[in-house]
Every structure is written in structure tokens, then in C-alpha cells.
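Could you walk me through this model, stop by stop? I have it open in a viewer and would like to know what to select next and what is there.

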Amino acid sequence: RQVMSLSTERFTVPEILFRPSEIGLPHLGIIEAIVSSIESCDPTLRAALYNNVVLTGGNAKLPHYRERIETELRSCAPCNYPVRVILPEDPIGYAWRGARDFVMMERERFVKNYCVDKGAWEGMTKSGLE
């Protein structure tokens, strides 16, 4: 049996998600990335987007992650917008199941609008639409 003792790593590693500049990465933190994504959308959609932030993936299982995201996002969002951060019961499989359900619900329309066959793909790449 192998044991690895953790001390401050338990807190400093997840902190990089919020402040990547602390280890020299020139990237936005998770809050800034969420705000930037929402603010790049049509202004008529922004209030709804701030009110429907869904956390997915393994990081969403970190203790108090949802609460921190919601608190910090609230401080960055316009004061007249409601902020709601949702943590699904299974954040790791949630995005996959959502995509699967979307495809299965309207499979024929999905294939027609979002898929291409090999010939169409080759035609697009030859014409520079990669």
C-alpha cells in the first residue's frame, strides 16, 4: 500500500484554477473566463447565462468549489443580474449525457445540420474551410 501525504498542496493546486498567474501562467482564472465568455455573448442573453452556470468535470467535485464560483462570480456580474451556479449530481458525466440526449432527441435533424460525410469534409478542406 502506498500513501502520499498532502499538506498545503490540497489548497494550492485548486487555487491555480482561480489564479493561474501565481505559477506564471498568462491565462484567465476560472471566474474571469466565465465572465469573458458571458460578456462575449449577445447582451440580451447575458442575464440568463449568469443565472445558468453549470459546473461539469472532475474539478467540480472539489470541496466548496460551487460556493466559491458563485460568490466570486456574483462579485463580477452586473448587480441587477441573478447569479446561479448549478452542480449536477454527477458532474463528470453530465456534459456527455446532455450531448447524448440532445443528439438522440432529434437525431435526424442533428445529423443533417451538424454532420458531414467524408466527401463533403474533403471538399471543405480543399477549399480552405478547415
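A search of the whole structure finds 10 salt bridges, each being a side-chain nitrogen of Lys or Arg within 4 Å of a carboxyl oxygen of Asp or Glu. The model is a predicted one, in which local features need pLDDT of at least 70 and side-chain atom pairs count only at pLDDT 80 or more, while totals for chains, interfaces and linings use all residues. Residues are numbered from 1 along each chain as its sequence is written, and side-chain values use heavy atoms, with hydrogens and water left out.

**Stop one: arginine 68**

Select arginine 68 and glutamate 15, which form a salt bridge with their closest N and O atoms 2.6 Å apart. This pair links distant parts of the chain: arginine 68 sits in helix 4 and glutamate 15 in helix 1 (residues 9-18), 53 residues apart. Helices here are DSSP runs (H or I, at least four residues), strands are runs of E (at least two), and both are numbered from the N terminus. Glutamate 15 counts as buried at 19% relative accessibility, while arginine 68 is partly exposed at 25%. Buried means under 20% relative accessible area, exposed over 50%, and partly exposed in between (1.4 Å probe, protein chains only).

For another pair, go to glutamate 106 and arginine 109, whose salt bridge has its closest N and O atoms 2.5 Å apart. Glutamate 106 is partly exposed at 34%, and arginine 109 is partly exposed too, at 39%. Back at the first stop, salt bridges that share partners join Glu15, Arg19, Arg68 and Glu72 into one network.

**Stop two: histidine 64**

Select histidine 64, in the loop between strand 1 (53-54) and helix 4. Histidine 64 has a positive phi of about 65° although it is not a glycine. Is this residue, histidine 64, buried or exposed? Histidine 64 is exposed, with a relative accessible area of 62%.

Tyrosine 81 is in the loop between helix 4 (65-76) and strand 2 (85-86), and is buried at 17% relative accessible area. Show what surrounds tyrosine 81: beyond neighbours within four places in sequence, its contacts (heavy atoms within 4.5 Å) are Pro43, Arg46, Ala47, Tyr50 and Arg74.

From there, move to arginine 46 in helix 3 (residues 46-50), which is buried, also with a relative accessible area of 17%. The side chain of arginine 46 reaches the backbone oxygen of cysteine 41 at 3.0 Å.

**Stop four: between the domains**

Colour domain 1 (1-91) and domain 2 (93-129) separately; their bounds come from an automatic or database domain assignment. The domain centres, taken over C-alpha atoms, are 29 Å apart. At the interface, 5 residues of domain 1 are in contact with 4 residues of domain 2.

About 340 Å² is buried between the domains, with carbon and sulfur atoms giving 55%; this is the accessible area (1.4 Å probe) that the two parts lose on being put together, summed over both. On the domain 1 side, Thr56, Pro88 and Asp90 lose the most area to domain 2, together 76% of what that side buries.

Which salt bridge does aspartate 90 form? Aspartate 90 pairs with arginine 97, the closest N and O atoms being 3.0 Å apart.

Notes:
Polar contact = N/O pair within 3.5 Å; in protein donor to acceptor, adjacent residues only side chain to side chain.
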